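Please keep the sequence and the three-dimensional view at hand while reading the points below.

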Amino acid sequence: MIIRIGKAADNDFVVNDPYISRYHARLGRDETGMLFIEDTDSANGIFVNGDRIIKKKVSLSDKVILGDRYQLNIAEVLKFDNDYSEEFEALKGIYEKYIKEKIRIQSSNQFKTRLFQSVPFAVIGVTGLIIGFLGKGNNNVFVVSLVLAVCAPTIGIYLGARQSAKIPELLQNLANQFKIDYVCPKCGAFLGEIPWESLLNKKQCPVNSCRAKWAKK
């Protein structure tokens, strides 16, 4: 893999800077897989971590300056063909996890809501009826049983409402994180709740200034 870098339009990675030569440098990998950068007879040279070089092995963390001032982003250069298919592939897991968690929150909280609504009625209400039955003829016992019987559904409704009120907040927190994670790997545009497979069929980002390739042709 050799990526040609320079001001001329026929380079793989074009740099529009007055201090960059038409054919300034080459970035590639050697037989061991290591990255290297090579000066191709440029007028103003290449500097790696402050030292002028002719050819040198580099990593993504090295500071590479072309000419007097242009700082080369090696990771960006490696994407010269706009291929972000590997990064896009990782979004599949993010989408699937989001959908599963969304379903889990909805179903789990619906179950808890029904549980909180029914348990007080079943326990307190039945207790009230038993007390009332056992205390026939006793006005005080009757009043207690009546209060318990009336309070049971009220408590159930209150507890159920509290549990139900948690659902929007949990879903909102999940959606907020999803908006951060489910984005175009190049431009960072949120991809909505569109299924990953549907986006894959689009092949590339719809943002005109991006057009990152999501699938290899």
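The side chain of D17 reaches the backbone nitrogen of Y19 at 2.8 Å, a polar contact (a pair of N or O atoms within 3.5 Å; within protein, one must be able to donate a hydrogen and the other to accept it, and residues adjacent in sequence count only if both atoms are side-chain atoms). The model is a predicted one, in which local features need pLDDT of at least 70, side-chain atom pairs count only at pLDDT 80 or more, and totals for chains, interfaces and linings use all residues. Residues are numbered from 1 along each chain as its sequence is written, and side-chain values use heavy atoms, with hydrogens and water left out.

- When residues up to four places away in sequence are not counted, D17 touches K7, R69 and Y70; a contact means heavy atoms within 4.5 Å.

**The chain as a whole**

- The secondary structure comprises five helices and nine strands; helices (H or I, at least four residues) and strands (E, at least two) are DSSP runs, numbered from the N terminus.
- Along the sequence, the pattern reads β-β-β-β-β-β-β-β-β-α-α-α-α-α.
- The chain has 217 residues, of which 33% are buried.
- Of the contacts between residues at least 6 apart in sequence, 44% join residues at least 24 apart.
- The accessible surface of the chain is about 13,500 Å², and carbon and sulfur atoms account for 57% of it; such areas come from the Shrake-Rupley method with a 1.4 Å probe, and for residues only the protein chains shown count as cover.

**The five-stranded sheet**

- An open sheet of mixed pairing is formed by five strands in the order β2-β1-β3-β4-β7; two strands pair if DSSP finds at least two bridges between them.
- Strand β1 (residues 2-6) pairs with strand β3 (residues 25-29) in the antiparallel sense, over four bridges.
- Within this pairing, I2 stands opposite G28 in β3, and I5 stands opposite A25 in β3.
- The pairing of β1 with β2 is parallel and runs over two bridges.
- I5 also has a bridge partner in β2, namely F13.

**Salt bridges**

- The count of salt bridges is seven; a salt bridge is a side-chain nitrogen of Lys or Arg within 4 Å of a carboxyl oxygen of Asp or Glu.
- One of them joins R4 to D12, with the closest N and O atoms 3.5 Å apart.
- R4 is partly exposed at 36% relative accessibility, and D12 is partly exposed at 27%.
- Another salt bridge links the side chains of E87 and K79, at 2.8 Å from N to O.
- E87 has a relative accessibility of 30% and therefore counts as partly exposed; K79, at 21%, is also partly exposed.
- A further salt bridge connects E101 with R104, where the closest N and O atoms are 2.8 Å apart.
- E101 and R104 are three residues apart in helix α3 (residues 91-134), so about one helical turn separates them.
- E101 is partly exposed, with a relative accessible area of 27%, and R104 is partly exposed, with a value of 45%.

**Cysteines**

- The structure holds zero disulfides; a disulfide is a pair of cysteine sulfur atoms within 2.5 Å.
- C184 is in no disulfide, and the nearest cysteine sulfur, that of C187, is 3.7 Å away.
- C184 is buried, at 1% relative accessibility.
- C210 is buried, at 5% relative accessibility.

Notes
Buried < 20%, exposed > 50% of the residue type's maximum accessible area, 1.4 Å probe, protein only.
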